[in-house]
Amino acid sequence: MIKTNTFEVIVIGGGHAGCEAALASGRKGCRTLLLTQNLDSIAQMSCNPAIGGLAKGHIVREIDALGGEMAKCIDYTGIQFRVLNVSKGPAVQAYRAQADKVQYRLYMKRVLERQSKLTLMQDTVTKILIENNAIKGVETQSGNTYYTKSMILTTGTFLNGLIHIGLTSFPAGRFGEFPSTDLADAIKTLGFQMGRLKTGTPPRVNSKSIDYSFLKIQPGDEPPSPFSFSTKKITQKQIPCYLTHTNERTHEIIKNNLNKSPLYQGNITGIGPRYCPSIEDKVFRFPDKPGHQVFLEPEGRDTEEVYLNGVSTSLPLDVQKQILRSIKGMEQCEIMRPGYAVEYDFVCPTQLYPSLETKSIKGLFHAGQINGTSGYEEAAGQGLIAGINAANLVSNREPLVIKRSDAYIGVLIDDLVTKGTKEPYRMFTSRAEYRLILRQDNADLRLFEFAYKENLISEKEYKGLLEKLENIKTKINWLESTRIKENDDLATEIKSKCNCQIKFPVVLADLIKRPEFSIIDIINNDVSHEVANQVEIQIKYDGYIKRQEKEIERFKKFEEKKIPENIDYYDIYGLSKEEMQKLNDIRPLTFGQASRISGVTPSAISSIMVFLKKVSR
């Protein structure tokens with residue numbers, strides 16, 4: 001008999017990881033409970049009111065291709081859309097959109113509330129229940145007990161969260177919200193190795209107090225490009241952002257007040273994000289730079305709050321006011337919310353399988369900032385995979401493991417569970433060795449088979465993607481097999497569009513490979529823009545793409561060659577003590593994963609192979 005407080009999957013936390021995890025589990029047909037401390041903070045954008053960016057945009061498109069919600073949410077609630085790196089190749093181009101942060105949160109909450117099989121509950125978890133090294137359930141602050149065999153922790157910055165503004169500090173997960181102290185203690189009691197990280201956010205100011213006449217306007221792209229493959233067109237009006245800079249006066253104020261900085265006075269012990277430093281860090285680390293960019297980003301259509309991207313700080317409020325008023329256009333600005341730093345606990349992610357299930361407790365999954373990542377997108381990607389696998393566990397299905405050659409999400413998770421992290425992990429295109437294949441434009445074609453297998457896209461969507469794939473192949477075959485002569489009608493049409501020399505006869509695909517030619521110079525409107533774009537990219541970069549595909553195939557056997565889970569690396573001759581310890585701690589599942597562990601040499605991999613051959617005789 002099933003109790004009303006028994007669920008197949010329980011998700012703890014309603015941030016970006018928790019939302020995707022709960023939706024994935026519910027969509028896979030599991031009776032799911034989402035527990036969060038504040039239902040009004042679901043999908044809250046604690047820091048930058050934006051989605052996407054370099055590499056992060058790739059992850060959002062992959063989430064969409066796998067049946068997640070983030071891309072649809074930003075398409076519906078975005079207030080400015082831009083494509084980054086348009087002058088560079090398709091592998092490093094990325095979408096980015098400013099969000100109306102209130103509408104983003106409300107949209108996601110509405111989707112969660114309407115999802116079948118999903119129950120939302122406001123409560124605080126105080127204890128995790130374990131039985132025979134497997135998850136059993138949780139106890140909450142309100143005195144309730146909920147039972148499950150599969151649970152996902154998505155705690156964000158709330159585990160022992162501590163906020164710093166100047167030399168004042170107080171417990172909080174976000175400004176104005178209680179931290180999760182009991183849950184942090186409960187996780188430590190389970191024996192997990194934990195660490196301490198730090199992140200920060202800039203002040204928000206009143207738009208009416210800014211003089212925009214001196215600032216550089218940054219409009220969105222026209223027409224705006226949607227994130228979701230299912231969004232045909234962005235119809236809402238866009239809002240501009242603005243650019244200004246810090247200056248020598250700004251830097252002087254910061255230098256004169258470093259004695260009031262919790263970071264430089266040793267009050268903060270957590271390690272901060274190297275690639276998103278505070279303004280104090282920027283000034284200290286780059287003393288010769290006369291100014292730093294400050295992007296003024298509106299937080300929504302119905303608010304005057306403006307996010308100051310580039311001046312994250314934990315200095316006292318009065319100093320923050322001096323800093324901002326030294327910047328052009330900000331001379332009379334009024335701070336509505338102060339900037340601050342927040343420290344929080346995380347669980348070292350090498351204690352996870354690639355499925356994001358913990359190695360020590362069956363049925364317990366971790367996703368998001370609890371794994372040491374930064375960013376909404378990285379969190380959401382993990383949440384989606386954790387939700388899928390938590391549901392698969394209770395359905396006795398094999399876990400979904402996305403490989404590095406499949407997606408940026410695969411790179412992200414493999415980096416975390418194999419290498420761990422000592423600072424907030426942020427995704428970059430440079431982290432992916434197969435980035436020419438892992439483009440944002442082809443995320444649907446790369447991942448729709450996974451989504452269909454996991455029942456996260458419909459039969460109609462699946463058939464539509466098969467048809468798109470077939471259209472791309474058909475058009476490429478036609479272009480590669482069609483040779484035109486100078487007097488052909490098509491040749492005359494092409495020459496009228498392109499003022500360049502063409503040596504006839506010529507194969508159409510060879511023309512597209514030339515940088516001065518575009519596919520629109522050769523084909524008419526008989527295919528969709530998406531298909532035409534795929535055809536052009538695959539033809540122009542054919543040689544490079546095939547080279548990467550060969551690399552993937554060459555490493556496939558090595559990548560997938562299993563290592564027994566019960567192997568004792570201390571028994572293997574030829575390994576250093578450091579290698580023995582790391583291999584025993586991480587316990588890689590394949591030789592590919594073992595080869596990526598920091599400090600494990602190629603000779604160590606050979607020693608493992610020799611050992612396994614001996615014991616298998």
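Thr 250, Ile 253 and Ile 254 of helix 6 are in contact with Val 319, Gln 322 and Ile 323 of helix 8, where contact means heavy atoms within 4.5 Å. The model is predicted: local features need pLDDT of at least 70, side-chain atom pairs count only at pLDDT 80 or more, and totals for chains, interfaces and linings use all residues. Residues are numbered from 1 along each chain as its sequence is written, and side-chain values use heavy atoms, with hydrogens and water left out.

- The contact of helix 6 with helix 8 comprises four nonpolar, two polar and no charged residues (nonpolar: Ala, Val, Leu, Ile, Met, Phe, Trp, Tyr, Cys and Pro; charged: Asp, Glu, Lys and Arg; polar: the others, Gly among them).
- The axes of helix 6 (residues 248-256) and helix 8 (residues 317-325) come within 8 Å and cross at roughly 165 degrees; axes are lines fitted to C-alpha atoms over the stretch in contact, and angles run from 0 to 180 degrees between N-to-C directions.
- Helix 6 is therefore roughly antiparallel to helix 8 (angles over 145 degrees).
- Helices (H or I, at least four residues) and strands (E, at least two) are DSSP runs, numbered from the N terminus.

**Cis peptide bonds**
- Glu 222 and Pro 223 are joined by a cis peptide bond, with omega about -5 degrees; Pro 223 sits in the loop between strand 15 (216-218) and strand 16 (241-245).
- Phe 504 and Pro 505 are also joined by a cis peptide bond, with omega about -5 degrees.

**Cysteines**
- The whole structure has zero disulfides (pairs of cysteine sulfur atoms within 2.5 Å).
- For Cys 30, the nearest cysteine sulfur, that of Cys 19, is 18 Å away.

Terms used: Parallel < 35°, antiparallel > 145°, perpendicular 65-115°, else oblique.
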